[in-house]
Amino acid sequence: MIQIFNLYKTYKGNTQALIDISLEIQSGEFVFLTGSSGAGKSTLLKILYNWENFDKGQILINGINIGKIRDENLFTLRRKIGVVFQDYRLLPRKTVFENISFAQEAIESPSDRIRFKTWEALKKVGLTQKKDSFPLQLAGGEQQRVAIARALVNSPQILLADEPTGNLDPAIALEILKLFEHANSQGVTVIFATHSVEMLKARNYRVINLSKGRLTSK
């Protein structure tokens, strides 16, 4: 599913974000990506989604070399990847339903399919009763559920989560984790970035650890 070979990334000012990263993640796997702040977790996820370029190395996703992908094919690749952030990134002037359906509108799905897929995504995260609410009317855990529904609505093969429970209390964080686990049970490959020791102890998934841009376990 995901193969990374000798990956390097350096930011301006000669800040080395990733140094000689090589790893493989199997289709349908759930992995924790961990490390302290500045370890390179977010950078790695952004590169996988093609939001960041890299300096050297090779990344294959389903056999596609994303370093050589043409711009016209990038959209197709991103449709297969869902992304969830720590800060939700919801559109404040759109309702819950509209925030989720926006992801379907972006790929120009037919209106009846948009309604169906959005409603199914709402049911998966248990927020059908909040469909007409606006993001600022929701609690933090509810906002993150909306963000997860938005990431799932296009039926991605890969789900990237960048500290999705970092702003939530432990009980709610565990409920959010269960939503990712449910997606994983449906065959979605999940890369879940976290620095929470409690989260890592709660489950026995493979842990990929970064420290100052280097792999220390995989």
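How much space lies in the second largest pocket? About 250 Å³ lies there; a pocket is an open set of points on a 1 Å grid over the protein atoms alone, where a 1.4 Å probe fits, with protein on both sides within 12 Å along at least five of seven lines. Its volume is the space filled by probe spheres set on the points, which are joined across faces, edges and corners.

The model is predicted: local features need pLDDT of at least 70, side-chain atom pairs count only at pLDDT 80 or more, and totals for chains, interfaces and linings use all residues. Residues are numbered from 1 along each chain as its sequence is written, and side-chain values use heavy atoms, with hydrogens and water left out.

**Stop 1: the second largest pocket.** Select Lys124, Leu152, Val153, Ser155 and Gln186, which lie nearest the centre among the 16 lining residues (a lining residue has an atom within 4 Å of a point). Helix α4 (111-124) gives the largest share of this lining, five residues.

**Stop 2: α5 and α6.** Select α6 (170-185) and α5 (140-152). Their axes, lines fitted to C-alpha atoms over the stretch in contact, are 10 Å apart at an angle of about 10°, on a scale from 0 to 180 degrees between N-to-C directions. The two helices are therefore roughly parallel (under 35 degrees). In contact (heavy atoms within 4.5 Å) are Gly141, Gln144, Arg145, Ile148 and Leu152 of α5 with residues of α6 including Ile172, Phe180 and Ala183.

**Stop 3: the largest pocket.** Move to the pocket of about 560 Å³. Of its 20 lining residues, Tyr49, Ile81, Ala103, Arg150 and Asn154 are the closest to the centre. Besides α5, the elements α2 (71-79), β6 (81-85) and α3 (96-106) each supply at least two residues of this lining.

**Stop 4: the sheet.** Select the four strands of the open antiparallel sheet, in the order β2-β1-β4-β5; strands pair if DSSP finds at least two bridges between them. β2 (15-25) and β5 (64-65) are at the edges with a single partner strand each, so one side of each has no neighbour in the sheet. Five bridges join β1 (residues 2-11) to β4 (residues 56-61), and Gln3 has Leu60 in β4 as its bridge partner. Finally, select helix α1 (residues 41-48), which lies across β1, β2 and β4 and runs at about 120° to β1.

Notes. Parallel < 35°, antiparallel > 145°, perpendicular 65-115°, else oblique.
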